[in-house]
Amino acid sequence: MEPFTCFMDVENSRSYIDELYSEENCKCQEAIVCLKNAVIGSNKKKGSIISQGIVPRLIALLCNAGKPLQLRIDAGIVLGSLAKGTEQQVHSLMRFNTVDVLITIIFDPSINERLMETCLGALQTIVQYPFAPLDLLHSDINNIRRLIQIASPRSSFACQMYVVNIFVPLCHSSHQQKNLCQADVIPFLARLMISDNTTLQVPALKCLAAMCFTNKSVSSLVHSTYHAERSILDILTALLSRTRDIEVQLAASRCLTYLHRAGSLPADDYRIVYKTLPCLARLCSDEFGEYIRATAAETLAYLAEIDSELQRLAAISNHLIASLANLIKCPSVLSRQGAFRCFASLAANDEEIRKRIIEMDGLMEEVLNGLKDGCPEVRLSAVRCLHSLSRSVQLLRTTFQDHSVWRPLMDLLSGEPSLELQTVVTSTICNLLLEFSPAKEPMLESGAVEMLCELTKHPDPALRLNGSWALMNMAFQAEQHVKTKIINTLGTDRIFQLLGDRDERVIMKTLGLLRNLLSNTLHIETIMSEHSSEVLRAVSLVLDDPHPPEVKEQAIIIIGNITAGARDEDYVLQDEKIVKKIRDFLVANDNKLQMGAVFVVRNLLGKSGRQHILRQWGFLENLEQLLHMTPQHSQFYEDIRDEILRFDYSEDH
């Protein structure tokens, strides 16, 4: 038979297909060799092979122990090559239980090592896809243990490499991570980490990092594990050395970052402060490839995200801010996303860092371009950056105003933005609506009130919180027409619903909104003349429910504001239920409630003619009892005594 060339047209070679099904091993071998050569690097040829139904024949050859070894190996190689095709082609392979077949052959104790390597290679390729049936391996913990045994120090380099790469996608859920720990995968990874072979070290480090990510129990286990008389922490720290391969340094720094964020390493640990953070900052510099820089920036963002001291140290490390300003101009999604996220972390708490960031040439333009980026991840990271920068009073009054930042932010809420994007955008809008922000007025004119009131109806608690928070900021020292618009648009029914929200933070911000609405004498009278029954009912609702003292304290302050600001009517004294609550809070077993109640009494006594009524309600008796409960040398003691004296003074005069 004449051998086929690797450029043969598979679609038109019926005879070629026939030879593959031949019972003569030599003919079948020749056919499969040409098939192997044809599919390498050609997704078109892969698709043709799959569409002609040849996969079952390849699987049959692979599984047939009676066939020559080389024929079986070549069948496995072709399957592995098909697994490197398009997602649709790999989906087609799944329909023939390919993973099941590969696992069965790999775990056969009598399997030839070369055939096992071929099957491991094919399995490694398939499991990288998100739709791969990983549960086939996780269904039995012994499967993981067998793979570790296959990759023993005595096995070939290829076996060890394939197995550790198979583990990388197997460790993302907490259940998977628990399985791997129980199978003793951590000592296995530690052995590969000290192998001085980058091809083994990098996937081992990636697997360890994935296992530690947000998993405190795994991180604690890693923290306490030793291998070859060295702790894994010491092994990881040594791998940060400049003498190591760049990818090894990066992967090791990610492990230590995740160990820190999982709570196993404190922020002031020398391995974080003097090793991990400087390594990541250095890897962000222009001398390294774009992928390394971008991944380092993303990792550094996560490392410093919640610690202000790490943010401060990072900002002065290795010209990091300048490096990120260069990285943000790179075209790749990963680069822009990593740079924006790192800027967001650095600027989270420190005003001086924010100033240094915004002074980078063209930075604000890059951020605004990021808001319009076609990639959702870049848009989200750019908004995170803006959110951190928006915490600066100076920037809100200058740079943000110069660039009308509020416009593209509001635009991001149109259409169907992701929940995460909506949350970060609305958090930023909360800052733009602060009293000193020049963006407040134009946002009001552009429908911000309506948008925020709608937000309070969202099923997600974070968005309800941001809606009520932004309205609270908008109402602070606002003009009467703004407050009226908020009340009329939100509606009293919605206020009741928010005050009954299952998220306590939403209740606190709604009370803050009511407090700001009722903070000016003229405004209080205007609002109470129209909505007194609804407002008092809302406050009473909070006082009746089993909320913690800090929540009820806000409701009491609102009552105090009403008593001080209402001129024409005694709205509070007309509500017997609230009056009794305030009286009882005077002797409650909580200082916040006591002080709030005294504040209300002070405002009630500010108008003549109320002392007799309050005495009848038992306020004087409770004030005297509270005086005996309070340390004599405290300011609160003096405040209570002053209110008691006001009762006596009133009666004498």
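Here are some notes on the model, point by point.

1. **Ground rules.** This is a predicted model, so local features need pLDDT of at least 70 and side-chain atom pairs count only at pLDDT 80 or more, while totals for chains, interfaces and linings use all residues. Residues are numbered from 1 along each chain as its sequence is written, and side-chain values use heavy atoms, with hydrogens and water left out.

2. **The core.** The largest nonpolar core has 238 residues. A nonpolar core here is a set of buried Ala, Val, Leu, Ile, Met, Phe, Trp, Tyr and Cys residues joined through side-chain atoms within 4.5 Å. Buried means under 20% relative accessible area, exposed means over 50%, and partly exposed is in between (1.4 Å probe, protein chains only). The members touching the most others are Leu-82, Phe-167, Phe-188, Met-211 and Leu-236. Helix H14 (residues 198-212) gives this core its largest share, ten residues. Helices (H or I, at least four residues) and strands (E, at least two) are DSSP runs, numbered from the N terminus.

3. **Leu-236.** If you skip neighbours within four places in sequence, Leu-236 is in contact (heavy atoms within 4.5 Å) with Met-193, Leu-205, Leu-208, Ala-252, Cys-255, Leu-256 and Leu-259.

4. **Helix H5.** Helix H5 (69-82) has 14 residues, and at 1.5 Å a residue they should span 20 Å; the end C-alpha atoms are 20 Å apart, so the two agree. That expected span is 1.5 Å times one less than the number of residues. Eleven of the 14 are buried, so H5 is largely enclosed by the rest of the structure. The buried set includes Arg-72 and Asp-74 along with Leu-71, Ile-73 and Leu-82. Packing against the buried residues of H5 are helix H2 (25-39), H3, H4, H6 and H8.

5. **Helix H6.** In H6 (residues 87-94), the buried residues are Gln-89, Val-90, Ser-92, Leu-93 and Met-94. Their cover includes helix H3 (43-51), helix H4 (55-63), H5, helix H7 (98-106) and helix H8 (113-127).

6. Ser-219 sits in helix H15 (residues 216-224) and is buried, at a relative accessible area of 0%. Beyond four places in sequence, Ser-219 touches Cys-212, Tyr-258, Leu-259, Ala-262 and Ser-264. His-523, in helix H36 (residues 521-544), is buried too, with 10% relative accessibility. With neighbours within four places left aside, the contacts of His-523 are Ala-478, Glu-479, Gln-480, Lys-483 and Leu-517.

7. **Glu-569.** This residue, Glu-569, is in the loop between helix H37 (549-565) and helix H38 (576-585). Glu-569 is partly exposed, at 37% relative accessibility. Glu-525 is 44 residues away from Glu-569 in sequence, yet the C-alpha to C-alpha distance is 8.8 Å.

8. **Positive phi.** Most residues other than glycine have a negative phi. Ala-228 has a positive one, near 55 degrees; Ala-228 lies in the loop between strand E1 (226-227) and strand E2 (230-231) and is exposed, at 56%. His-319 also has a positive phi near 55 degrees. His-319 falls in the loop between helix H20 (308-315) and helix H21 (320-327), and is exposed at 68% relative accessibility.
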